[in-house]
Amino acid sequence: MRRTMTLGAQLLLLQVGIVLVTLLLAGAVAVHYQQERIRDAYRQQVLTVANSTARLPSVVDAYGTPDPSETLQPLAELIREASAVTFVVITDRSGIRFSHPDPGRVGERVSTDPSSTLAGEVFVGTETGTLGESLRAKVPVRAPDGEVIGAVSVGILESQLAAEFGREAPVLVAWLGGAAMVGALGSVLVVRLLRRRIFGLEPEEIARLLETREAMLHGIREGLVAVDEKGRVVLVNDEASRLLDLPADVAGRPAADVLDSAMLPLVLGHRRVTDELVLSGERLLVANRTPAVVGGRRIAEVLTLRDRTELFDAMRELDGQRNLTNTLRAQAHEFSNQLHVVQGLIELDRPDDAVAFIERLGGGRLLGGAPLTVVADPGVSALLLAKAAVAREQGVRLVLDSGSRLPAELGDDVVTVLGNLVDNAIDATGSGGEVHVLVRQEDDGTVLVQVDDDGPGVAPAERSRVFDVGVTSKGRPDGNHGRGIGLALVARIATRRNGTATVTDSPAGGARVVVRLPRAAEAAPGALVAP
């Protein structure tokens, strides 16, 4: 299999390449600048020497002598040696030399065109003469009255300029080489730091880890919500979005803006959260919070959520069926004994006593009041029968009001509301009490659920709070985190159905809870009767 270059090697080569390209460009600019600096210095030098020579009184006076070269040749050589230039040439108006480094060329015409200088202009540039290519300055020599009487040409060979740059180039190269070494060392350090930050992983390994992480986070059936130390949501998986009804773009937003009031204390508080029941919408969730620690630093709080709605619903139904089964088993045993009594009375030829005994047995129904047949909805009727069995076990009588009338297929909302209200009423009235239930569908389709008990009731000051999450008149033993959820769930269902839920005094002496549920096309899934 072909082995690809590691990330560290790729980064090192890339950075070293960038450093080298940058240094080459910078070096080219530096070389050009250095050459121009040397040339400018020599240009200024030859121009200064030419101007000074042209203005010397001895030079101007020499033009009036019979043999100017006798004076100007030694003077020009003296100036040349003193100023370290290649040549100092003085000519007349016709371009005939009065001086030259080679005395044999004195009296000859200059090899370059002197017309612009003899016309009174100053020339600075590169030309090729008898001594070779040189950088030169040409300045006119003027008489006291301003008339141009000759010219002075001062120059330095280009080879001398190149030699000057050659002497300075090693220093420049040394600086560039040092910069390259520092850049390469810095690249190595950056690569090592980066490798340490990504734990020595290659891009392919990082991609696989990310894919695996995404698959695991969004594939598990527990909700995950992570909130950083600044209170921002940094992670939400698919299950958490479903359980909390969150939009898809919550990552990076403040938790206070996206989570409801029941969830905020769990992710932002400092108390320990372990298997705590919380009502989110109409779902009952089990929450646990653990800190996310990286390198010994706490960077986030991770909240795990498990949906217990369906589980508690199934447990409620199972408890109801178990209680009903136990009650029926006890009644079967009791009924067997009663049949023996009837048989004995008949064998003793006492039919009137047998009939009277049978009539007395007629009050043994689980559910008092109206017959269960007035409730056509199978879910509601099964719930009432199960709750009646539970009530009898606790010494409470459950009575169905004679005004109850309920058609079939009203949805799970009615079952949820009725189950929670009956459970609360049974707990409130205690042994020896009585609970009255009225369920009826009004002419406009609204379902009325009314539960009365003869318990202690609810104080007027507390009636506005009984539908809040966590508010309960029941005890709070250890492990009973689910208290204060039933009525809160009832209120939320009523709100979703645009209905109402109220608590008033009951004629029986306790509390009366009335819930009105307007007609709904379909009840929301996940309804729960709180245990």
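**Helix packing and a cavity in a predicted model**

In this predicted model, helix H12 (residues 378-393) packs against helix H13 (residues 412-429) at an angle of about 15 degrees, and their axes lie 10 Å apart.

Me: Why is H12 called roughly parallel to H13?

Reply: The angle between H12 and H13 is about 15 degrees. Angles under 35 degrees count as roughly parallel, so H12 is roughly parallel to H13.

Me: Is the crossing of H12 and H13 left-handed or right-handed?

Reply: The crossing of H12 and H13 is right-handed.

Me: What makes the contact of H12 with H13?

Reply: From H12 come Gly379, Val380, Leu383, Leu384, Lys387 and Ala391. They meet Val414, Val415, Leu418, Gly419, Val422, Asp423 and Ile426 in H13. By class, this contact has nine nonpolar, two polar and two charged residues.

Me: What makes the lining of the largest cavity?

Reply: The largest cavity is lined by 20 residues, and Val89, Val110, Thr112, Arg136 and Ser153 are the closest to its centre. Strand E1 (87-92), strand E3 (132-142) and strand E4 (148-157) each give two or more residues to the lining. By class, the lining has seven nonpolar, nine polar and four charged residues.

Key. Residues numbered from 1 in each chain as written. Predicted model: local features only at pLDDT ≥ 70, side-chain atom pairs only at ≥ 80, totals over all residues. Heavy atoms only, no water. 1 Å grid on protein atoms, 1.4 Å probe; cavity = no way out; pocket = protein on both sides within 12 Å on 5 of 7 lines; lining within 4 Å. Helix = DSSP H or I, 4+ residues; strand = E, 2+ residues; numbered from the N terminus. Nonpolar A, V, L, I, M, F, W, Y, C, P; charged D, E, K, R; others polar. Axes fitted to C-alpha atoms, helices over the stretch in contact; angles between N-to-C directions. Parallel < 35°, antiparallel > 145°, perpendicular 65-115°, else oblique. Left-handed = near helix turned anticlockwise from the far one by under 90°. Contact = heavy atoms within 4.5 Å.
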